[in-house]
Amino acid sequence: MAARTEDGVARGGPIARCIVYGILMLAAAYFLLPLYVMLTTSFKTLPQIANGSLLSLPSPFSVSAWGDAWSSACTGGDCNGLHHYFWNSVAFTAPAVALSTAFGALNGYVLTKWRFKGSELIFGLLLVGTFVPFQMFLLPMARVLGIIGLDNSVAGLTLVHTVYGIAFTTLFCRNYYVAIPDELVKAARIDGASFISTFRHVILPISTPILMVCVIWQFTQIWNDFLFGVVFTSGDAHPITVALNNLVNTSSTGVKRYNVDMAGAIITALPTLLVYIVAGRYFMRGLTAGAVKG
Amino acid sequence: MSDTTPPAGPPTRGMPVRRWLDRWLPKIALVPSGVALLVFVYGFIGWTIWLSMTTSSLLPNNTFAGLRQYEVLFQLDVWWVSVINLAIFGVLYVALCLAIGLFLAILLDQKIRAEGWLRTIYLYPLALSLVVTGVVWKWLLNPGLGLEHFVQSLGWTGFSFDWLVNPDMAIYAVVIAAVWQAAGFVTALFLAGLRGIDTSIIKAAQIDGASLPRVYLSIIIPSLRPVFFSAIILLVSLAIKSFDLVIALTGGGPGYSTWVPAIFMYDFGFNRGQIGLGAAAATLMMAAVALAMLPMLIAELKERRDGRKN
Amino acid sequence: MGNRGLWHHTACLGVAVAALSIGSVASAAPDKGTVSVLNWWTSGSEAKSMNVLSDMLADQGYKMVNDAVSGGGGSNARTVLKSRIQSNNMPGAAQIKGPEIQQWCQAGMAMNIDEVAKQQDWSKILPGPVAKGMQCDGHFVAVPFNLHRINWVWINKSALKKAGATMPSDWNSFVAALDKLKAAGITPIAGGGDTWQVATEFDAIALATGGADFYRNAFVDLKPDALSSDTMVKALSRLRTLQKYEDANDQGLSWNHNTGAVVKGEAGMQIMGDWAKGEITNAGATPGDQVACMAMPGEHSGFVYNADSFEMFKKSNSDKAAQYAFARTALSPEFQRKFNMAKGSIPVREGVSLDGFDACAQKAQSDFEAAEKNNALVPSFSQDMAETGAVKGALFDVIAKFYNNKNMSAEAAAKQMASQAKQAKLMSSM
């Protein structure tokens with residue numbers, strides 16, 4: 001990025017720039033519209049939602065839906081809101097993100113700097129695995145987890161998310177490491193560095209941007225997962241997305257509270273939103289540094 | 001550097017143990033991922049293919065049924081609707097995300113003042129769970145509640161936007177919401193790609209008198225090829241897995257007009273107690289995806305290898 | 001390297017947080033045994049009712065683990081059940097209804113609870129068809145919780161008055177009332193096209209048009225000559241007629257939303273099961289008062305029922321004594337009253353007092369007794385009471401196709417119903 005002192009190719013006239021800004025703002029509106037509806041709805045009262053326009057501002061302004069979603073809405077077996085499930089999600093998201101990122105880095109390193117006959121094939125096979133809808137993995141996965149005694153546990157869920165995350169982290173890391181000159185690795189080896197010490201002292205120190213990309217991507221995917229969470233945990237151990245689903249999907253015979261639904265959805269998304277806002281810069285830096293280079 | 005001979009350059013001096021380790025450690029390092037891949041992806045795919053040739057219904061069983069499930073599958077209108085929908089959805093989704101992403105990235109690359117903010121705004125949809133954002137889109141796209149109603153209330157009473165409730169158009173409404181989710185991410189990918197391009201080449205071209213569109217078309221966009229590869233892989237993978245959004249947005253409706261294969265598999269496999277049929281659908285879909293993606297994968301991997309040999 | 005420090009911190013934090021949250025999972029000690037209950041009741045009134053049951057079990061010394069997963073009319077809960085079976089971790093009781101009870105029983109999973117049934121004399125306190133549905137090979141394997149009526153029409157009285165229409169009494173006056181509502185600028189029927197809602201409407205129409213014998217022949221026994229009969233064609237034509245009075249823009253809106261439209265007077269009527277009462281009460285109206293309840297009018301009267309029930313599993317993760325207690329307590333008069341008042345249904349146990357229930361529940365009860373006497377009680381096909389998932393799915397597909405393709409004739413739809421149902425039946429019993 002530093003190389004681009006003269007950012008942008010064009011420096012058109014004022015009219016052109018107005019058009020550019022106009023289009024960018026229009027796009028921003030498209031992206032923000034649903035968030036606007038979610039936020040305003042979460043601060044409305046139920047009669048207001050029922051009678052008012054979708055795009056109107058809340059009046060009176062009510063925060064009770066947020067309190068409900070956090071601590072008193074029914075989320076399955078109990079009616080204590082989402083706050084308890086928050087930590088359940090953290091419990092498997094943190095290790096699964098860490099593990100899948102670690103394996104991704106290791107795989108990327110081997111697949112670019114220690115290639116052997118068939119390593120490209122392994123990478124290809126890994127990529128194909130990303131195209132299969134997870135719905136079809138549920139039953140065999142349940143059986144395997146049952147056999148190895150990890151069903152219905154945080155460890156089991158961590159394993160599942162790690163396994164299915166590796167393909168993506170490997171893709172990111174491989175594309176990043178490919179751009180690192182082989183000479184760097186070669187020099188280290190001539191100096192007597194081993195497979196492991198080269199990784200530790202040459203590769204890892206320059207990997208922060210891409211590891212950030214892996215962490216952000218994996219965090220988003222795993223935190224937002226519903227399917228594995230609902231099948232491989234139960235009751236009290238449900239991740240927050242399952243609790244949210246229970247809060248939102250009243251069974252066919254229940255009553256809908258859209259303001260609580262919206263507040264719950266935003267609460268559920270807070271960690272990922274926060275990550276995007278705070279670490280978004282790293283994300284871009286990581287991508288720029290090579291995640292997208294061949 | 002050659003990659004067909006095992007030691008991709010490990011030094012020949014040093015102790016034999018070291019040499020042995022350097023030779024085998026890389027392979028050992030891949031073992032956990034390899035085993036996981038073998039069991040949790042290809043093993044499960046194999047099991048699914050087997051189930052598609054059994055009479056499995058409420059629960060999996062091992063009674064061989066030949067191609068019976070496939071015969072039934074081919075007669076089901078719901079299946080063909082699902083397949084056609086995925087084709088329409090997949091092509092439009094990938095194409096629109098790429099087009100919008102590239103377009104916005106090029107605009108953002110013009111020294112835009114609030115770039116950081118705009119980028120975050122474009123990116124955030126990926127952070128939201130579709131279980132609820134689907135509901136919001138349902139309201140927005142519903143003619144009686146959302147945009148049509150709003151525009152009409154502003155005075156344009158002739159305005160009509162009823163895709164969501166029209167069986168022939170509903171799948172396009174799904175595309176709108178799906179593109180919303182991923183376009184920002186693709187923008188970020190392209191923006192990163194653009195930032196990685198060596199500006200000196202562009203300047204040289206401009207000095208040579210090449211027009212701006214010309215520079216983009218013949219220099220910048222072709223050099224984004226790897227970005228296209230990464231983006232297409234991620235988008236195709238997201239498209240095939242699209243499930244939550246369709247369920248939340250249309251519930252598969254009107255009728256079953258917005259069903260996609262992932263919904264077909266889930267509904268037949270788990271809800272209707274026809275696991276064999278669901279497995280047959282899964283098998284066919286995987287075969288189709290493999291056929292569609294393999295040429296691209298092979299070409300891309302080959303290209304990279306050849307590129308490096310120079 | 002500063003970045004490495006960051007990674008270390010992140011990793012440590014992750015581990016610490018993981019340890020913290022594992023440690024905080026509470027583990028209460030059950031004394032007489034535990035039963036885990038898989039269900040899809042997560043909305044306020046339902047979840048609270050389940051908690052009542054849990055408390056009642058706790059008083060007897062049993063622990064009930066409420067494992068609730070909502071979504072897709074129970075489809076997520078079904079997925080969870082099948083996965084649990086694969087990993088050998090079956091729940092003690094699972095919310096299963098209709099013929100699926102028999103399917104699980106034939107798969108060798110169900111637990112015999114004759115002992116409890118004998119104690120409470122289930123064959124006496126349960127209505128005949130319901131008791132039969134809970135049995136497999138002559139043994140009780142499941143316990144019913146409630147009775148919902150499906151063939152209700154909910155009518156906003158003031159909207160009807162405003163339109164100058166009167167309460168309908170037969171099909172023709174029904175259509176006449178719809179015409180008047182339409183002329184008054186009110187959406188006659190809040191329905192809208194979501195397949196489950198359309199099928200629920202069709203449930204009511206089919207019974208009103210063809211009567212209980214026809215309904216059973218078609219939807220329970222799947223007789224092709226009933227499925228493709230003139231009566232079916234007539235019922236489908238009536239569905240087409242109703243469609244003309246529905247707002248196409250309602251497509252995809254939930255039944256809750258549609259009930260709300262009726263309460264507000266934006267729509268005149270809704271054809272929906274009695275769970276709509278919860279939404280009516282929620283909107284500040286009283287069922288039976290501002291919003292009238294009326295059985296779907298037609299040539300025939302009767303009662304389309306939907307009984308929620310729980311099947312017991314053997315070799316499960318639960319204790320037999322606790323499973324028995326669960327079944328016993330669910331049918332206790334006290335729970336029957338509390339649960340059904342909250343859920344809008346009527347007690348499935350006969351002889352339970354309806355004091356304090358609303359007018360529509362009282363009406364449902366008397367209609368139920370009349371229907372039981374006249375053999376006009378039918379299990380709802382739209383609510384999984386008449387057919388297995390495969391056949392129900394096939395029927396829904398045809399109804400969806402018919403509803404969304406105005407060029408499809410009722411004759412063609414009836415014929416497809418017969419052939420697709422047969423196909424699905426064959427496949428699921430292969």
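Where in chain C does Asp137(C) lie? Asp137(C) is in a loop, with strand S4 (135-136) on one side and strand S5 (139-140) of chain C on the other. Keep in mind as you look around that this is a predicted model.

Is Asp137(C) buried or exposed? Asp137(C) counts as exposed, because it has 10 C-beta neighbours inside 10 Å and the cut-off for exposed is 12 or fewer.

Asn88(C) also has a positive phi, near 60 degrees. You'll find Asn88(C) in the loop between helix H3 (75-86) and strand S3 (93-95) of chain C. With 15 C-beta neighbours inside 10 Å, Asn88(C) counts as partly exposed.

**Ala107(C), a loop residue that touches chain B**

Next, go to the loop between helix H4 (100-106) and helix H5 (114-120) of chain C, where Ala107(C) has its place. Ala107(C) has 13 other C-beta atoms within 10 Å, so it is partly exposed. Which residues does Ala107(C) touch, leaving aside those up to four places away in sequence? They are Leu58(B) and Leu59(B). Thr166(C), on the other hand, is 59 residues away from Ala107(C) along the chain, and 52 Å separate their C-alpha atoms.

**How chains A and C are divided**

| Chain | Domain 1 | Domain 2 | Distance between centres |
|---|---|---|---|
| Chain A | 14-62 | 83-291 | 32 Å |
| Chain C | 34-147 + 306-372 | 149-305 + 377-428 | 27 Å |

In chain C, the contact between the two domains takes 23 residues from domain 1 and 25 residues from domain 2. On the domain 1 side, H4 and helix H17 (359-373) of chain C each supply at least two residues. H17(C) has the largest share of that side, with eight residues. Sorted by class, the domain 1 side holds nine nonpolar, seven polar and seven charged residues.

In chain A, the contact involves six residues from domain 1 and seven residues from domain 2. Helix H1 (14-42) and helix H2 (46-51) of chain A are the elements that give two or more residues to the domain 1 side. H1(A) gives the most, three residues. That side is made up of three nonpolar, two polar and one charged.

**A closer look at chain A**

Chain A has 13 helices and zero strands. Its C-alpha trace spans about 75 × 70 × 30 Å along the principal axes. Of the 294 residues in chain A, 57% are buried. If you take the contacts in chain A with a separation of 6 or more, 75% of them are between residues 24 or more positions apart.

Why is helix H12 (residues 240-248) of chain A described as largely enclosed by the rest of the structure? Because nine of its nine residues are buried. Among them are Ile240(A), Asn245(A), Asn246(A) and Val248(A).

Chain B has an average pLDDT of 85, and 92% of its residues score at least 70. Among the elements of chain B, helix H3 (residues 77-108) has the highest mean pLDDT (95), while helix H13 (residues 275-309) has the lowest (77). Over residues 1-12 of chain B, pLDDT stays under 50, and the model has 21 contacts beyond four places in sequence for them.

**Two cis peptide bonds**

Most peptide bonds are trans. In chain A, though, a cis peptide bond joins Ser59(A) and Pro60(A), with omega about 5 degrees. Pro60(A) is in the loop between H2 and helix H3 (64-72) of chain A. In chain B, Gly253(B) and Pro254(B) are joined by a cis peptide bond too, with omega about 0 degrees. Look for Pro254(B) in the loop between helix H11 (244-249) and helix H12 (261-271) of chain B.

Conventions: Residues are numbered from 1 along each chain as its sequence is written. Chains are lettered from A and ligands numbered from 1 in the order in which they are written. This is a predicted model: local features need pLDDT of at least 70, side-chain atom pairs count only at pLDDT 80 or more; totals for chains, interfaces and linings use all residues. Helices (H or I, at least four residues) and strands (E, at least two) are DSSP runs, numbered from the N terminus. A residue is buried if 20 or more other C-beta atoms lie within 10 Å of its own, exposed if 12 or fewer, and partly exposed in between; C-beta atoms are placed from the backbone. Domain bounds come from an automatic or database domain assignment. Ala, Val, Leu, Ile, Met, Phe, Trp, Tyr, Cys and Pro count as nonpolar, Asp, Glu, Lys and Arg as charged, and the others, Gly among them, as polar. pLDDT is the predictor's confidence in each residue, from 0 to 100.
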